[in-house]
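Colleague: I would like to learn how to read contacts, helices and pockets in a model like this one. Where do we begin?

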Amino acid sequence: MSAVISPSWPWTPNLAPEWLRQSFNNGWTFGNVIQVTNQNSSAPEVEREVVGEHSYGRQLGRLMDAVVAISEAVPAAAKDVRVKELLALAKDIDRIKLEAQQKRSVELLQELQALKRSDKQAWAKLMKSLDG
């Protein structure tokens, strides 16, 4: 296993084993829950390509955003219990995303503070790269 240094974050090694970078074949799974095979998909390779560019989460998120927009434009739609449940779900997902963003911000700040304390040269290089 070799560490690969990212040019954007010179102090963060990529410690993922090589086998994680291998491509998937038919029969791939998502969290041991969804298994995409020739039996349940007419085009598993196409599905793999689509998910490679647009995750199921992103696809579902866009659909939820569209339903929210429709419910705002058509008040009668917002009264439907199914739409209400989806709107509540969307609100909860927004809360989770905000909490995750706040956590990442705190962690990033802590990492930057640690870098500044431990490696003045890398800190100076990072600050110089931000000026450009």
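Modeller: Begin with the term contact, which means heavy atoms within 4.5 Å. Keep in mind that this model is predicted.

Colleague: Leaving aside neighbours within four places in sequence, which residues is Ser71 in contact with?

Modeller: Beyond those neighbours, Ser71 is in contact with Ala77, Ala78, Val83 and Leu87. Ser71 itself is found in helix α2.

Colleague: Is Ser71 buried or exposed?

Modeller: The cut-off for buried is under 20% relative accessible area. Ser71 has 7%, so Ser71 counts as buried. Its side chain also reaches the backbone oxygen of Val68, at 2.7 Å.

Colleague: How should I read side-chain directions along a helix?

Modeller: An α-helix has 3.6 residues a turn, so residues three or four places apart point the same way. For a case here, take α4: Val83, Ala90, Leu112 and Leu115 are buried in that helix. The cover over the buried residues of α4 includes α2, α3 and α5.

Colleague: How many residues does α4 have, and what is its reach from first C-alpha to last?

Modeller: α4 has 38 residues and reaches 55 Å, close to the 56 Å expected at 1.5 Å a residue.

Colleague: And how is empty space found?

Modeller: Rolling a probe the size of a water molecule over the atoms shows where empty space is left. In this model the largest pocket has a volume of about 190 Å³.

Colleague: Which helix supplies the largest share of the lining of that pocket?

Modeller: α2 does, with six residues. α2 and α4 each supply at least two. Among the lining residues are Gly57, Asp65, Val68, Ala90 and Lys97. By type, the lining divides into five nonpolar, two polar and three charged residues.

Methods: Residues numbered from 1 in each chain as written. Predicted model: local features only at pLDDT ≥ 70, side-chain atom pairs only at ≥ 80, totals over all residues. Heavy atoms only, no water. 1 Å grid on protein atoms, 1.4 Å probe; cavity = no way out; pocket = protein on both sides within 12 Å on 5 of 7 lines; lining within 4 Å. Points joined across faces, edges and corners; volume = space filled by probe spheres on them. Helix = DSSP H or I, 4+ residues; strand = E, 2+ residues; numbered from the N terminus. Nonpolar A, V, L, I, M, F, W, Y, C, P; charged D, E, K, R; others polar. Buried < 20%, exposed > 50% of the residue type's maximum accessible area, 1.4 Å probe, protein only. Polar contact = N/O pair within 3.5 Å; in protein donor to acceptor, adjacent residues only side chain to side chain. Expected span 1.5 Å × (residues − 1).
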